[in-house]
Amino acid sequence: MGNIAIITDSNSGITQAAARELGIRVLPMPFYINEELFFEDITLTQEEFYRRLAEDADISTSQPAPGDVTELWDRALEECDQVVYIPMSSGLSASCETAMMLSADYKDRVFVVDNQRISITQRQSVLDALAMVRAGLSAREIHDVLMRERLEASIYITVDTLKYLKKGGRVTAAGAAIGAVLNIKPVLQIQGDKLDAFAKARGWKSAKRIMLDAMEKDIAERFAGQRVHLSAAYTCSDEEAQVWKGELEARFPGYEIHMDRLSLSVACHIGAGAMAVACSREVRL
């Protein structure tokens, strides 16, 4: 990795084990479950999270403590000259803004990317950063490329239940009740710094078709003539996820599709049973 350390947070979906294989560091995101503090992939596993979610426990996300952020940077700087830190989108959490303020004390040593991404598109930014390290770019150059490319990605998500969107105030109680009766599956979009409604579908088959059509349109029009990375993510069962991946491979032959579980910070707001597809434009150096 040379003299540049790449660091992200667990919103990227990169586990601690995967981080070791990649040669990066991952800051675990904190969660409160019934007022008890847990850290993603450290003291809180995916299985435990969904078990507590099913029990209707009070689960909330939190920012990393500033000391935890700077401690991770300091450890990295004992081995490397500079850090490129890629946190979740500033539009979805204040943790990015906090990191940018903290980096002021690390002039020209820590570069925080306001990445405008989360989950599998955030993960792709990490992989892009690693490729740029290998290509010999400086930390500032890596930061600048990622900032240039930060909006060149899309995520489409279909949720199984409106319960958690209702909890978060994104759907009214009446809307959730009607949606449950009519088997409405909302399709959501993350593009830039917001989780927005994209479409409504009657049932899973229709919802999947909407996501596939939206992704095909992005590739054909928004990214016309450009290469993209395709990814999938889920909070459903592994078996359902593999079926979804197969449908994506059939619709988009020739693409190597990476699949991950959605990060818990997203799962908090959409619940179990969700499926997602994402694309990111290949970085042009």
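Helix axes here are lines fitted to C-alpha atoms over the stretch in contact, and angles run from 0 to 180 degrees between N-to-C directions. The model is predicted: local features need pLDDT of at least 70, side-chain atom pairs count only at pLDDT 80 or more, and totals for chains, interfaces and linings use all residues. Residues are numbered from 1 along each chain as its sequence is written, and side-chain values use heavy atoms, with hydrogens and water left out.

**Stop 1: α9 and α10**

Select residues 204-222, helix α9, and residues 238-251, helix α10. Helices (H or I, at least four residues) and strands (E, at least two) are DSSP runs, numbered from the N terminus. The two axes lie 11 Å apart, at an angle of about 40°. That makes α9 oblique to α10. The angle classes are roughly parallel under 35 degrees, roughly antiparallel over 145, roughly perpendicular from 65 to 115, and oblique for the rest.

Now show side chains. On α9, pick Lys208, Met211, Leu212, Asp213 and Glu216; on α10, pick Val243, Trp244, Glu247, Leu248 and Arg251. These residues make the contact, meaning heavy atoms within 4.5 Å. What is the split by residue class in the contact of α9 with α10? There are 5 nonpolar, no polar and 5 charged residues. Nonpolar covers Ala, Val, Leu, Ile, Met, Phe, Trp, Tyr, Cys and Pro; charged covers Asp, Glu, Lys and Arg; the others, Gly among them, are polar.

**Stop 2: α5 and α6**

Move to residues 119-134, helix α5, and residues 139-149, helix α6. Their axes come within 10 Å and cross at roughly 145°. This crossing, too, is right-handed. Pick Ser125, Asp128, Ala129, Met132 and Val133 in α5; they meet Ile142, Val145 and Leu146 in α6. The contact of α5 with α6 divides into 6 nonpolar, 1 polar and 1 charged.

**Stop 3: two aspartates with positive phi**

Select Asp56, in the loop between α2 (46-54) and β5 (59-61). Asp56 is not a glycine, yet its phi is positive, about 65°. Asp56 is partly exposed, at 43% relative accessibility. The scale is buried under 20% relative accessible area, exposed over 50%, partly exposed in between (1.4 Å probe, protein chains only).

Next, Asp108, in the loop between α4 (95-102) and β7 (110-112). Asp108 also has a positive phi of about 65°. Its relative accessible area is 39%, so Asp108 is partly exposed. Lys107 sits in the loop between α4 and β7. Is Lys107 buried or exposed? Lys107 is exposed, with a relative accessible area of 66%. Draw a distance from the C-alpha of Lys107 to that of Gln82: 9.9 Å, across 25 residues of chain.

**Stop 4: Asp81**

Go to the loop between α3 (66-77) and β6 (82-86) for Asp81. Asp81 is partly exposed, at 44% relative accessibility. Which residues does Asp81 touch, not counting those up to four places away in sequence? Asn3 and Arg109. The C-alpha atoms of Asp81 and Asn3 are 5.1 Å apart, although 78 residues separate them along the chain.

**Stop 5: cysteines**

Select Cys80, which is buried at 10% relative accessible area. Then select Cys236, buried at 6%. How many disulfides does the structure hold? The count is 0, a disulfide being a pair of cysteine sulfur atoms within 2.5 Å. For Cys236, the closest cysteine sulfur is in Cys268, 17 Å away, so it is too far for a bond.

Conventions: A crossing is left-handed if the near helix is turned anticlockwise from the far one by less than a right angle, and right-handed if clockwise.
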